[in-house]
Structure formats: structure tokens, C-alpha cells
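Subject: Structure handover

Hello,

Here is the structure for your files. My notes follow below it.

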Amino acid sequence: MPFLIAILIIVILIVIPNIKVVPQAKSYVIERLGSYYATWKNGLHVKIPFVDRVSNVVTLKEIVKDFAPQPVITKDNVTMQIDTVVYFQITDAKLYTYGVEYPISAIENLTATTLRNIIGELELDQTLTSRDIINSKMRAILDEATDPWGIKVNRVEVKNILPPKDIQEAMEKQMRAERERREKILQAEGEKKSSILIAEGEKESAILRAEADKESQIKRAEGEAEAMLKIKNAEAEGIKLLKDAKADSSVLTLKSYEALAKVADGQSTKIIVPSELQSIATIGTTIKEMISDKKTK
């Protein structure tokens, strides 16, 4: 009985470690007697004790590597420090395991040499303004170079570009001068627009005042014309009423006296009396004298 228990324990110790569960997004590279045998995907697997072994555990997730800054020289002989970030993914666990020794280090060195070749063809200004071009070229070159290693380069990003200190200071002065120039231009444009708006406002104000004066004069003239028309209409109405009433000469004479009285109330120093009114006045004087003579007799 103890012998069976011992055998059972030995079997358990041998069999259980050889039962493998491969998790999601992982791959196991299996060797049998020192040679590549298979690549296990996710799931339950059993390897033969003392014959099979797990050579490498490979992750299938996308890997992000931020490499240290690399010194590069531009076409116009400016030395800069540039660091890059590479996004890659392992597509073939077998090639990744047996294709290259230390694949991450290989990618880093390949990235540095590729970056130096690309930057060497560009001048400083082009380097600072052509990040998209640099990223695209590096991705294409790295993806082709790492294909035999079972690696797919999805994206390459130039993280930082650090020119020398004296060039940074010169660039800052240039940017400061450019900002001041733009500020002066904006200020001048603002003053110009302000002057134009003020002139347009004064022009519109003058036009409105002229239109108001014109309207006032028109209204005043219309009022005077209307008043004159009403006076003439009243005079015509009065004459019409006198004619309709068949007024005799005495009434007309009385009206003439009233008109003379109104004239006499004015400021004129000379009064021209019509001949008809003179005759009437003479007749009145003669009658007055005759009445006086009768009273004396």
C-alpha cells in the first residue's frame, strides 16, 4: 500500500506540471528533444515529460517601447537628440523565438540607424516640420526589416526633437520677434478698422442730420402752404356768403371801413384810400354840415 501511494505521488508530480493552460493573447513555443515541435495557442495542452519543453512564452498583445534619445546629424550639420516610440506586435511566435537574438534590442538598434539615415537627408527646419514624413518612412522601413522576425510594426512616433541649446535660443528669439510682429500687425489692423468705423459713423450721422433738416423744411413749407390755403379758403367762403346774402352797398362800405380800421392799427405811416371811399366820406361830411345848419336856424 505505501508503494502504491508512492507511485501515485510520483505520477502526480510528473503529470500535473506537464498539463499547461495557455491563456488568451499568449503563445507557447514547444520544443521536443531540442527541436521546434509546435506553437500552442490558448487552451488546455499536455506535454510529454522529459521530452517536451516550453521554449518561449510569447505575448500577442501590442507592445510599446520608448527608446532613449539618439544623437542624429541633419543635412546642414546640426546635431540633435531624438527619441522615438515604437508600437509593434508579434505575429509569429516561432520566428520571434528563433529569428533573432534579443529582438527588442535589435528593434532599438534598427530604429536608431533608420532614424539617422532619414534625418541625414533633411535640414533642421525640415526635421522640425516633417514629423509625419519621418514617422511614415520609419514605420515602412522597420516593418519590412522586422518581418523575418515575426514582428509587425504598427506605428512609429518621433516623441521629442531636442536641438542644441544655442539653436533653441535662436529659435526662441525668432519666435518672439514673429509674435511681436504679428501683434503689431493686429494692433494696426484694429486701429484701421476703428478709424473706418468712426468715419462711417460720422458720415451716417451727417447724412441723418441732413435728412432730418430736409424733412423739417419740407414739413414747415407744407404747414405754411396749408395755412395759406386755409386762409384763402376762408376769404373765399366769406365772399361767397356775402354774395349769397345779397349784401347792398352800405354793407360793403361798412366792411371797407372795417378794413381801413385794421390797416390803421398797423405800423404804416401812409394810407392810400380808394376813390370810392373818398366819395362816401365827402357825402357823409356834407350831410353832417346840413344837419348842423338846420339846428342853428
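**The core around Ile134**

Not counting residues up to four places away in sequence, Ile134 touches Leu115, Ile118, Ile119, Leu122, Thr127 and Val158. Touching here means contact, with heavy atoms within 4.5 Å. Ile134 is also among the residues that touch the most other members of the largest nonpolar core, along with Met80, Ile82 and Val86. That core has 32 residues. Strand 8, helix 2, helix 3, helix 5 and strand 9 each give two or more residues to this core. Helix 3 supplies the largest share, six residues. A second, separate core of five residues includes Val22, Tyr28, Ala38 and Trp40. A nonpolar core is a set of buried Ala, Val, Leu, Ile, Met, Phe, Trp, Tyr and Cys residues joined through side-chain atoms within 4.5 Å. Buried means under 20% relative accessible area, exposed over 50%, and partly exposed in between (1.4 Å probe, protein chains only).

**Basis**

This is a predicted model: local features need pLDDT of at least 70, side-chain atom pairs count only at pLDDT 80 or more, and totals for chains, interfaces and linings use all residues. Residues are numbered from 1 along each chain as its sequence is written, and side-chain values use heavy atoms, with hydrogens and water left out.

**Overall**

The protein has eight helices and nine strands. These are DSSP runs numbered from the N terminus: helices are H or I with at least four residues, strands are E with at least two. Buried residues make up 21% of the 297 residues. The protein exposes about 21,800 Å², and carbon and sulfur atoms supply 58% of that. Areas come from the Shrake-Rupley method with a 1.4 Å probe; for residues, only the protein chains shown count as cover.

**Helix 3**

Helix 3 spans residues 103-119, 17 residues in total. Its first and last C-alpha atoms are 24 Å apart, close to the 24 Å expected at 1.5 Å a residue. The expected span is 1.5 Å times one less than the number of residues. Its buried residues include Ala106, Leu110 and Ile118. The buried residues of helix 3 pack against strand 7, strand 8, helix 2, helix 4, helix 5 and strand 9.

**Surface patch**

Phe3, Leu4, Ile7, Val11, Val15, Ile19, Val21, Leu44 and Val46 form a nonpolar surface patch, about 860 Å² of accessible area together. Patch residues have over 30% relative accessible area and no salt bridge; nonpolar side chains (Val, Leu, Ile, Met, Phe, Trp, Tyr) are joined within 5 Å, like charges within 9 Å. Helix 1 gives the largest share, five residues. Ile19 lies in strand 1 and is partly exposed at 38%.

**Salt bridges**

A search of the whole structure finds seven. The criterion is a side-chain nitrogen of Lys or Arg within 4 Å of a carboxyl oxygen of Asp or Glu. Glu178, Arg181 and Arg182 are linked in a network. The closest N and O atoms of Arg181 and Glu178 are 2.5 Å apart. Glu178 to Arg182 is 3.2 Å, N to O. Arg182 is exposed at 51%; Glu178 is partly exposed at 28%. In helix 5, Arg139 and Asp143 are four residues apart, about one turn. Their closest N and O atoms are 3.9 Å apart.

**Backbone**

Ala25 has a positive phi of about 65° although it is not a glycine. Phe50 also has a positive phi of about 65°. Phe50 sits in the loop between strand 4 and strand 5 and is exposed at 76%.

Best regards
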